[in-house]
Amino acid sequence: MKVGIDLGGTKIEAVVLGAHHRIAFRERVATPQGDYAATLDAIISLVRRVESEFGAFPRLGIGIPGAVSKQTGRIKNANSTCLIGQDLVGDLSKTLSQTVVLANDANCLALSEASDGAGAGEEVVFAVILGTGCGGGLVVNGQVLNGVNAIAGEWGHNPLPWPSEKDEMLSCYCGQSGCLETFLSGPDMAAHFKKMDGRTMTAQAISEAAEAGDAACQQHMESYANWLAKGLASVINVVDPDVIVLGGGLSNIECLYHRVPELWAQWVFSDRVDTRLVPAKWGDSSGVRGAAWL
C-alpha cells in the first residue's frame, strides 16, 4: 500500500495505491486559503481517514507547490505563499506517526507519468502543471532530477522568451515580473484577458467561450497558445525531451495539443521537432499518484 497527498492551491487530495498501483481510496478537500494551520489540520484529517479504513502505514508522500530548502529544511518557492518558511515535515511529525517525504508537485506529476503514464518508456520526460501556478518537473531514465538547488524544472520563473510589444509583463509573487507563470497560470491567463477585454472570466470559461465562437476569447486563446509554445520551445532547446506531459486544470484545453506544436517549431533550434505534447494519462490524479510513488 502506498499513500500520497497532493497539496494544491485549490484542493488537497489523498490517495491509496493498492495492488497493481490501482487507486483503492481517493478523497479531496478544499485547500484553506492563506491559512497554514488549517492546511496542516486538513492534511492530518485526510491521513486519519486513510488510517480508519486501511490501518497504520509507515510512510506518507506529499507533493507540494514549491520546494524544500536544502539549507533550512523549510519550504521555499511556493505559490501558496502561506507555506513559505514553514517546517511542514516537522509540524506534521508532531502529530503523525508516519515518515513524511516531500517533493515538488510537478516532480510528482513527472514521476507518475514517466512510470506508468503518458511518458512511460521514454528517456526524457518533462511534465508541466498549468493550474493555480505553473510548475515543471524533469525525469531522465526513470529518475527525478532535483538539482543542487532543488529547483530543476522550475521553468515557470524564467521570463517569457521572445516577447512581443503587446505582451504585458505582470508582477509575480517571486518578486520579478514577466515570469512564464504570469502568462500561463489559470489566474494570470484570466488577468490578461480582463486587461484586454474588460470581462472577468475564469480560464475555463474563456476556453469554453472560445469554442462557442466568442471572437475575443478565441483571440486570447491564440495568445495563450503562443505563450505556451514559446515557453516550451525554450525547454526543448535546453533538455530536448522525448515527451512533454501537461497536467493541471488548463491541461484539459484540447486545442493546445495541436496548436502549440504547430507554433513552437519557429522557436526550436532544429530542422524538425519530434517532441510529443500529450495530456497526463492519469488526469488530475497524476500528481497525487506520484506522491504515493515517493
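**View 1. Surroundings of threonine 31 in the predicted model.** Leaving aside neighbours within four places in sequence, threonine 31 is in contact (heavy atoms within 4.5 Å) with Gly8, Gly9, Thr10, Lys11 and Ile12. The model is predicted: local features need pLDDT of at least 70 and side-chain atom pairs count only at pLDDT 80 or more, whereas totals for chains, interfaces and linings use all residues. Residues are numbered from 1 along each chain as its sequence is written, and side-chain values use heavy atoms, with hydrogens and water left out. Threonine 31 is found in the loop between β3 and α1 (36-54); helices (H or I, at least four residues) and strands (E, at least two) are DSSP runs numbered from the N terminus. The side chain of threonine 31 reaches the backbone oxygen of glycine 8 at 2.9 Å. Threonine 31 is classed as buried because its relative accessible area is 10%, the limit for buried being under 20% (1.4 Å probe, protein chains only).

**View 2. The open five-stranded sheet.** The strand order is β3-β2-β1-β4-β7, with mixed pairing; two strands pair if DSSP finds at least two bridges between them. At the edges lie β3 (23-30) and β7 (99-104), each of which pairs on one side only. From one strand to the next, the twist averages 20 degrees. Angles run from 0 to 180 degrees between N-to-C directions, with axes fitted to C-alpha atoms, for helices over the stretch in contact.

View 3. Strand β2 (residues 11-17) pairs with β3 in the antiparallel sense over seven bridges. Within this pairing, arginine 26 in β3 is the bridge partner of valine 15. Helix α3 (residues 105-116) packs on the sheet, where α3 touches β1 (2-7), β4 (59-64) and β7. The direction of α3 makes about 90 degrees with that of β7. Helix α9 (residues 286-293) also packs on the sheet, touching β1, β2, β3 and β4, and its direction makes about 135 degrees with that of β1.

**View 4. The largest nonpolar core and leucine 228.** A nonpolar core is a set of buried Ala, Val, Leu, Ile, Met, Phe, Trp, Tyr and Cys residues joined through side-chain atoms within 4.5 Å. The largest has 42 residues, of which Leu130, Trp155, Leu184, Leu228 and Trp264 touch the most other members. Elements that each supply at least two residues include β8 (124-130), β9 (134-140) and α8 (256-264). Helix α7 gives the most, with twelve residues. Apart from neighbours within four places in sequence, leucine 228 is in contact with Leu130, Trp155, Leu184, Leu246, Leu256 and Val260.

Technical notes: Buried < 20%, exposed > 50% of the residue type's maximum accessible area, 1.4 Å probe, protein only. Polar contact = N/O pair within 3.5 Å; in protein donor to acceptor, adjacent residues only side chain to side chain.
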